[in-house]
Amino acid sequence: MDILQPRTLPTARKPYTTKQMGDACEMMVAAELTLAGIPALKVPDNWPGYDVVAQPRDAAPQRISVKSRTFKYGAAYVGYNDYDAFDWLAIVLLGMGESAERAVYVIPRPVANGLARQDKPTSKTAAERYFRVDQVENLFAAYRNNFILSGCDDVRDGSARPMTNPSEGSKGSKVGQEGGGTVDQC
């Protein structure tokens with residue numbers, strides 16, 4: 001009689017699917033927003049354009065698109081389409097550094113649009129906006145753990161301008177753009 005041994009997974013294989021990882025990251029963003037004082041909830045799967053809706057005090061509901069990736073160097077990207085309807089982009093990177101920590105960046109849509117790479121207007125992928133995973137920290141360090149939805153002072157009413165550091169509280173600072181340009185308005 002053979003004794004059944006517990007099955008061990010190879011170290012390269014993750015104990016969850018891509019869908020499970022995405023759902024977990026959406027729930028994590030909603031939970032962190034709520035714990036920061038902005039009640040939020042995950043919308044049903046396949047909701048067009050966004051994954052989480054948050055309700056700041058005295059403001060319109062905010063739509064948040066959550067994108068999650070496992071961190072790696074090189075040609076790995078996180079992106080969205082220009083026609084997706086959302087107000088904030090939350091990028092969740094898993095497995096950063098030797099400690100395998102998580103990093104979450106909650107970025108105002110106008111800032112993300114201004115810093116995103118995009119293909120030529122005549123290409124099939126012209127609507128895609130994307131960032132290299134290994135460049136997210138450099139591009140969006142000011143928006144790491146931005147669960148109070150700051151960064152563009154008035155992003156909720158459309159008159160916002162980006163700030164270098166969301167905790168500064170001043171309008172009009174410029175955020176560096178990939179390729180040497182700047183984003184000077186949200």
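The side chains of Asp 23 and Lys 42 form a salt bridge with an N to O distance of 4.0 Å, the term meaning a side-chain nitrogen of Lys or Arg within 4 Å of a carboxyl oxygen of Asp or Glu. This pair joins distant parts of the chain, with Asp 23 in helix α1 and Lys 42 in strand β1, 19 residues apart; helices (H or I, at least four residues) and strands (E, at least two) are DSSP runs, numbered from the N terminus.

The model is predicted, so that local features need pLDDT of at least 70 and side-chain atom pairs count only at pLDDT 80 or more, while totals for chains, interfaces and linings use all residues. Residues are numbered from 1 along each chain as its sequence is written, and side-chain values use heavy atoms, with hydrogens and water left out.

Lys 42 also meets Glu 26 in a salt bridge, at 3.2 Å from N to O. Because Lys 42 lies in strand β1 and Glu 26 in helix α1, this pair ties together parts that are 16 residues apart in sequence.

A further salt bridge joins Lys 19 to Asp 45, where the closest N and O atoms are 2.7 Å apart. Here Lys 19 belongs to helix α1 (residues 18–35), whereas Asp 45 sits in the loop between β1 (40–42) and β2 (52–54), 26 residues apart.

Relative accessible area is classed as buried (under 20%), exposed (over 50%) or partly exposed (in between), with a 1.4 Å probe and protein chains only.

| Residue | Relative accessible area | Class |
|---|---|---|
| Lys 19 | 44% | partly exposed |
| Asp 45 | 40% | partly exposed |
| Lys 42 | 24% | partly exposed |
| Glu 26 | 10% | buried |

Lys 19, Asp 23, Glu 26, Lys 42 and Asp 45 are linked in a network of salt bridges, and the count by this rule comes to ten salt bridges.
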